[in-house]
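Me: Please go through the structure shown below with me, in the form of questions and answers.

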Amino acid sequence: MSESLLDVRHLCVDLVTFKGTTRVLDDVTLAVQRGEMMGVVGETGSGKSILQKAIVARLPKTARVSGQILCQDRDLMELSEDQLRLVRGKEISLLPAGGREALNPLAPVGVQIANAIRAHNSSSKRYAEQRAVDLLRAVAIPDPEARAQAYPHELSSGMAQRVLIAMAIANSPSLILADEPTAGLDVTVQLQVLEIFAALVRDYHSATLIVTRDLGIVAHFCQRVAVMRYGTIYEVAPVREFFGHARHPYSRALLAAAKASRGEEMMANETRRLLSGGRKADVIENRPPARLEMVGEGHFVRVAE
Amino acid sequence: MTYTLYFLRKNPLTIVGLMIIFIDLILVVFGPLLVPYDPTKAAFGDALRGPGIAHFFGTDHAGMDIFSRVIVAARLDLLIGVLAATISFFVGVPLGILAGFYGDRRGWTSWGSELLMRGMDVIQSFPVFIFAMVLVAMAGTSVRNVVAAVAFVNIPIFVRLLRSDALSVREQPFIDAARCAGNPEWRIALRHLLPNSIRTGLIQGSVTIGWAIILTAGLSFVGAGVPTPTPEWGLMISDGAQNMVTGQWWPALFPGLALGITVFGFAVVADSIQRVMDPTAR
């Protein structure tokens with residue numbers, strides 16, 4: 001049974017190195033519903049990024065993986081590298097962290113977007129490049145015809161990030177994995193880029209698994225949130241529930257830290273807005289993932305062991 | 001195109017390099033028509049004359065006019081140097097990229113890469129000169145075989161250079177991002193890895209032109225290159241070196257200058273090509 005778009009079950013990742021084996025993902029079970037935006041929050045090293053890399057099978061060589069990653073009734077773990085290539089970018093695309101770093105410095109951005117399109121259908125070069133211009137327009141890049149000819153270093157980091165969004169969305173994937181999509185951008189640009197991203201994702205009916213350290217982003221854009229620490233999931237909850245009644249002590253600590261850094265008042269406003277309507281998750285799962293206990297509708301918390 | 005013109009205006013040295021190559025080309029095409037003397041005609045009565053009006057660059061120990069010889073030699077030397085460097089570039093660069101791209105990965109391709117590199121180790125474990133000499137000796141002395149041997153011994157250098165660059169470039173985030181966008185492996189190798197690793201290959205290519213000519217001279221010296229009276233810069237340098245001891249510097253200096261200037265021209269132009277192609281330098 002799996003109406004979920006992405007269903008990660010008992011995913012474990014070990015890094016086997018000279019110094020021994022480190023478990024970086026420990027029994028992670030997580031589902032993403034069609035069209036929803038789900039946030040994954042947690043501190044540095046909690047396994048958020050590894051989770052995304054595991055989903056697209058781009059883990060380092062030293063990784064040993066077990067568990068299931070179900071997407072559209074297939075287990076991604078059982079696909080060959082060739083089959084995975086057809087999934088990457090087409091069904092699941094990754095919006096990488098790092099902005100400009102993730103673009104080839106020696107190719108015009110329009111060509112790079114066109115290549116992403118042509119990787120998945122046999123459209124002509126000219127058509128793909130025309131489509132790339134349309135995508136650049138969709139991510140609100142001014143004068144997209146000219147910008148398509150630009151090289152990555154000629155763009156601001158905000159624009160480079162939008163180019164990456166255009167590339168991630170190019171084949172209208174059903175799931176986008178976004179890894180800190182606004183890290184390194186200044187705050188005003190962050191919001192702008194995220195608004196563009198969220199609007200596009202809505203238009204394309206794509207689901208998003210967005211990794212971030214910024215609870216503000218989660219409050220603003222996501223319907224559900226998962227808290228990760230030490231490679232496991234501590235709490236999964238609809239966003240309104242989470243901001244109102246986070247159960248796990250670590251979640252509360254995160255919220256408290258966010259309040260301290262963003263200002264009490266701002267968080268209070270955010271929470272009030274969420275509690276009085278806001279966005280609501282379309283599908284609420286009521287099946288507790290492994291080692292998590294249901295404490296409310298769609299709200300799961302890790303039990304003490 | 002407009003950028004190329006802009007670049008040339010900003011970098012006059014490139015124009016100098018282009019002029020050197022242009023003059024070389026004129027010598028290649030018209031060389032024998034421009035010389036005042038027969039470059040292979042000995043005149044022992046005129047041996048070892050210093051540079052002057054009659055003989056601009058003087059004469060060598062057999063009385064042959066060095067000026068004429070330097071000019072006529074351009075044809076042979078550029079043929080050997082450019083051809084050998086081009087061959088080793090076009091063989092070594094793709095092999096190096098593939099070795100770097102597939103090396104140290106899962107699967108059989110990694111074995112292929114390992115095998116290739118160990119093969120290169122074998123080639124490089126012989127002293128370059130001895131190896132080239134043996135190759136020519138086995139295949140027979142001819143310009144074609146000299147070019148082939150010189151090209152062959154230079155291939156491992158390109159493979160190694162490009163492999164090490166490819167190994168570092170392939171770990172850059174944009175390679176992973178390209179893969180996550182679903183780009184096929186061949187496109188990642190061709191469009192992402194190659195352009196970002198080729199820089200040192202181009203520079204090495206220009207240096208190899210000079211080196212190939214020197215190597216040819218060495219081969220000629222031991223009788224495995226071109227026969228002695230043939231005008232060839234490397235051969236003239238090694239012959240002229242004996243006269244240096246007794247104070248006649250001109251038989252070795254002028255062909256040496258010709259060789260040095262030619263190598264300089266190619267190095268400058270190779271560097272400029274690389275910079276014109278690099279969009280981040282604009």
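Me: Which residues does A:A166 touch, not counting residues up to four places away in sequence?
Reply: This is a predicted model, in which local features need pLDDT of at least 70 and side-chain atom pairs count only at pLDDT 80 or more, while totals for chains, interfaces and linings use all residues. Residues are numbered from 1 along each chain as its sequence is written, and chains are lettered from A and ligands numbered from 1 in the order in which they are written. Two residues are in contact if their C-beta atoms, placed from the backbone, lie within 7 Å. With residues up to four places away in sequence left out, A:A166 touches A:I113, A:L135, A:L136, A:A138 and A:V139.

Me: How many residues does the largest nonpolar core have?
Reply: A nonpolar core is a set of buried Ala, Val, Leu, Ile, Met, Phe, Trp, Tyr and Cys residues joined through C-beta atoms within 7 Å. Those with the most contacts inside the largest one are A:I113, A:A166, A:L177 and B:V150, and its residues number 164.

Me: Which helix gives the largest share of this core?
Reply: Helices (H or I, at least four residues) and strands (E, at least two) are DSSP runs, numbered from the N terminus. The largest share, 21 residues, comes from chain B, namely from helix α3 (residues 66-102).

Me: Is B:G119 buried or exposed, or in between?
Reply: A residue is buried if 20 or more other C-beta atoms lie within 10 Å of its own, exposed if 12 or fewer, and partly exposed in between, with C-beta atoms placed from the backbone. B:G119 lies in helix α4 (residues 108-125) of chain B. Because 14 other C-beta atoms are within 10 Å, B:G119 is partly exposed.

Me: How far apart in space are B:G119 and B:P156, C-alpha to C-alpha?
Reply: In sequence, B:G119 and B:P156 are 37 residues apart. Their C-alpha to C-alpha separation in space is 8.8 Å.

Me: What share of the residues of chain B count as buried?
Reply: The secondary structure of chain B consists of eleven helices and zero strands. Its C-alpha trace spans about 75 × 50 × 30 Å along the principal axes. Of its 282 residues, the share that count as buried is 45%.

Me: Which element gives the most to the side of domain 1 of chain A that touches domain 2 of chain A?
Reply: The domain assignment, automatic or from a database, gives chain A domain 1 (6-90 + 176-188 + 205-302) and domain 2 (92-172). The contact takes 19 residues from domain 1 and 16 residues from domain 2 of chain A. With four residues on the domain 1 side, the element that gives the most is β7(A).
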